[in-house]
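Visitor: I would like a quick tour of this model. Please take me through it by question and answer.

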Amino acid sequence: MRVGNGCRARLSGLAVALLLGTAAGAAPADPPATAATTPAPRPRIGLVLGGGGAKGAAHIGVLRVLDELHIPVDCVAGTSMGALVGGTFAAGMPAAEIEREVLAINWAKTVGTEGLRDRTPIREKLAGASYTNNIRFGLRNGKLQVPGGLLKTQDIEDVIRGLVGNARLTRDFDDLPIPFRAVATDMLAGRMVVLDSGDLSVAMRASMAVPGAFAPVVIDGQVLADGGQMRNLPVDIARSLCADVVIAVSLASPPPKAEDLQSAVSLAARSLEVMVDANQNAQIAMLGPQDVSIVVPMGDIGSASFERVPDAIPLGRAAAEKMQAELSRYALTEEQYLAWRQSIDSSSDTGTRLAAVRIEGLQRVNPRYVEAQLRNAKVGAEVTNAQITEDTGRIFALGDFERVEYAITGPADAATLEIRPVEKSWGPTFLRFDLGLAANGDSLIQAIVRADIDRTWVNSYGGEWHSSFQIGTQMLAQTDFYQPMDLRQRFFVQPMARYEANVEDIFDDGERIARYFGREAYGQVDLGMNLDSRAQVRVGLRSGWYSYKRDTGPSVLPDLDWTGDSTVRVGFVWDTRDIVGLPTRGTFINARYAHGGGWLGGDRDYALAEGVITKVVPILRGDGVQLLLGGGKDLSGELPATEQFQLGGIRTFPGLQRGELRGTSYWYAGGAYSWKLADIQSLFSQALYASLRLQAGRMGDRLDRSNDEADTGALYGAAASIGGRSPAGPFIISLGVVDNGSWQLQLALGRPIPEGSILDEVR
């Protein structure tokens, strides 16, 4: 990388500006200007935009004022968010358009997770439905590895590529409409790197790669991260590039109070701020009387407050307007400024006709599988950057890649689209951990701890070996192999083996009278079909054994030795929810049918059907309404203990204890209204809600009722709860009452504890 020693003169634009300037105020009869009256060349102006994360949106307000005052810019140097705004401006986009584009960005999608589940294949969607976190560790050479960043960068890169448009094709940043430099930090050498060539969007992303939050960018063997560590306000870079005059824009936040620095986390964060402030202050001290320093007070807007971007822009405008007198020294006339502006304006994204499409750089993932995801980028098609971004976003949602890059190469009449998916460097074996807790007012606590191991892309069709291990209230060990049968992974076969042990309570009219240990072991083979990203259908054959042993309770209660069970099973899932665990929109349908018989050692003939449907409708201000309907019934024969239906628990019927109602048929209907109280992390759909739930249900042929007892009929209940999605996972605190006099104060945190029916799948 090199630092430019001078700004290439833009002779045509400057000549037009000077001609317009000299002609504007001169009458035809005036004599020619003498050497003594010839206007002196204007000073070259370098714009410096400092880093600051979301606070950097204030730079846009400054650009708007520079535009209104007719202040030209001859070169730009930026760091982090300053590189994003500065690179977009240097690519030729006017300030007003930058403001429109940035305000249109959905930051919850770009930085957070909004919308990602909509694009996720149904296989991945169902595999992660029960997890309370999105962290997948790598397992390589016996060592645990973590991703380079906790946040995804794909949508950020897509936004940057959209902002700079065709300027990505300009390899030398001196040849941009305005010469530009981005500042990054080489994490290997521990030094500043000034990016002056290559892919403009990559340089901007490298300058923004906050260590730990976003994965670094590797360029020419350098591991590049956020430039603020070395030069948050690169005044000296702009001076070396072209600047006779520097306009430096820095972002200032009030210092913390002593009581705000009591934790290790707050102190660690503050140490980074102190380091950044130190190098920034050193650069501000280099400014001379001819320079202009614009310091923007940011108030309570933080570096991660991307939802406050609309609030940051006016702060930049206000700070620049206070410096109007100093800035006006460098203003052009309207005609001169218009000529300058026209000389740098960029062209819009008009589309490119593709002569070829190539998938590059893959080692594990089948390129034909990636190519099958393309809907817009086809040979012979004319595509815009936005259409390519739609395709690369779909590829990223497959879950196999850190990011998906693309470039258009070759002449305009024979353009080639090169798509370069970057496989996860910490794969292909992944490890996930999860935790679930539940408790009620009787001091009964249930807990599960779970670990899952996935070995992806075992073969060219995308075969995946998965194993699960769980201890606690529900213990299990499972291994299965998911084998797609075609390159698009629409059809699949999945054999599995599973051992499960559950702790189950038996109730008599609401009183716990016994506890059983239920065990089940079986093998199963499924054939299935994935219907785009929303639905899956499968049919399978299961054969195994189950047993129930009494742990506590009256001795008259029976034990059940190992009993054979063989079934044909059919299942269907439809899922359009935006998130699992307190979704804000979408529909979920799950249905199953099982038929047991004497084949393969089965001891019982029976059949059952069960299903659930839930719909979440968003309301203004983040509130929502959820409607739920479910039920199950034995269609023939006598259901084994493993297939009997259960109702009760914080997620299915608050006010009843977990598994309090047990029988061979049931129906359930419920609704809830949720009020959004506050955001926890709005970018990641984490918020606090208050909810009111109403439900009704009936369990038929209850095990705690003999045949000659009167049918108790339906039960009706209500529950008030506080819950939400937090960094520790979804949580609910609920007080429920039932019209039979039962009430329960219950708590659930993290991975749901199963409550014994298909309603569990709603989570």
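Visitor: Is strand β31 (residues 729-738) largely enclosed by the rest of the structure or open, and how many of its ten residues are buried?
Guide: Keep in mind that this is a predicted model. Buried means under 20% relative accessible area. Strand β31 is largely enclosed by the rest of the structure, because the number of its ten residues that are buried is seven.

Visitor: Which residue stands opposite Val737 of β31?
Guide: Start with strand β30 (residues 715-726), which pairs with β31 in the antiparallel sense over ten bridges. The two strands form a hairpin, with two residues between them. Opposite Val737 in β31 stands Ala718.

Visitor: Which residue in β32 is the bridge partner of Gly736?
Guide: β31 also pairs with strand β32 (residues 743-750). These two run antiparallel and are joined by seven bridges. The bridge partner of Gly736 in β32 is Gln744.

Visitor: Which residue takes a positive phi in the hairpin of β31 and β32?
Guide: This hairpin has four residues between its strands. The phi in question is near 95 degrees. The residue that takes it is Gly741.

Visitor: What area does the nonpolar surface patch that includes Trp599 and Leu635 cover?
Guide: Strands β21 (535-552) and β22 (560-575) each supply at least two of the patch residues. Leu635 lies in strand β25 (residues 624-637). Other members include Met485, Phe491 and Tyr593. The patch area is about 960 Å².

Visitor: Are the rings of Tyr673 and Trp675 stacked, edge-to-face or tilted?
Guide: The model holds nine aromatic pairs. In the pair of Tyr673 and Trp675, the ring centres are 4.8 Å apart and the planes stand at 55 degrees. Planes under 30 degrees apart count as stacked and those over 60 as edge-to-face. The angle of 55 degrees therefore makes this pair tilted.

Visitor: Is Trp675 buried, partly exposed or exposed?
Guide: Tyr673 has a relative accessible area of 24% and is partly exposed. For Trp675 the value is 40%. Exposed would need over 50%, and buried under 20%. So Trp675 counts as partly exposed.

Visitor: How far does Arg577 lie from the ring centre of Phe588?
Guide: Charges sit over rings here. The charged end of Lys424 is over the ring of Phe430, 5.6 Å from its centre. Arg577 lies over the face of Phe588, and its distance from the ring centre is 4.1 Å.

Visitor: Which helix holds both Asp158 and Arg161?
Guide: The two residues form a salt bridge, with their closest N and O atoms 2.8 Å apart. Both are buried. They are three residues apart, about one turn of the helix, and that helix is α8 (residues 154-164).

Visitor: Which residue meets Glu418 in a salt bridge, and how exposed is that partner?
Guide: The N to O distance is 2.6 Å, and the partner is Arg358. The pair links distant parts of the chain, with Glu418 in strand β14 (residues 415-423) and Arg358 in strand β11 (residues 352-359), 60 residues apart. Glu418 is buried at 14% relative accessible area. Arg358, at 36%, counts as partly exposed.

Visitor: How many salt bridges does the model have?
Guide: Another one joins Arg231 to Asp236, with the closest N and O atoms 3.1 Å apart. Glu157, Arg205, Glu402, Arg403 and Glu405 are linked in a network. The salt bridge count comes to 46.

Technical notes
Residues numbered from 1 in each chain as written. Predicted model: local features only at pLDDT ≥ 70, side-chain atom pairs only at ≥ 80, totals over all residues. Heavy atoms only, no water. Buried < 20%, exposed > 50% of the residue type's maximum accessible area, 1.4 Å probe, protein only. Pairing = 2+ DSSP bridges. Patch = residues over 30% accessible without salt bridge, like charges linked within 9 Å, V, L, I, M, F, W, Y side chains within 5 Å. Areas by Shrake-Rupley, 256 points an atom, 1.4 Å probe, with all protein chains shown as cover. Salt bridge = Lys/Arg side-chain N within 4 Å of Asp/Glu carboxyl O. Phe/Tyr/Trp six-rings, centres within 6.5 Å; stacked < 30°, edge-to-face > 60°. Lys NZ or Arg CZ within 6 Å of the ring centre and 35° of its normal.
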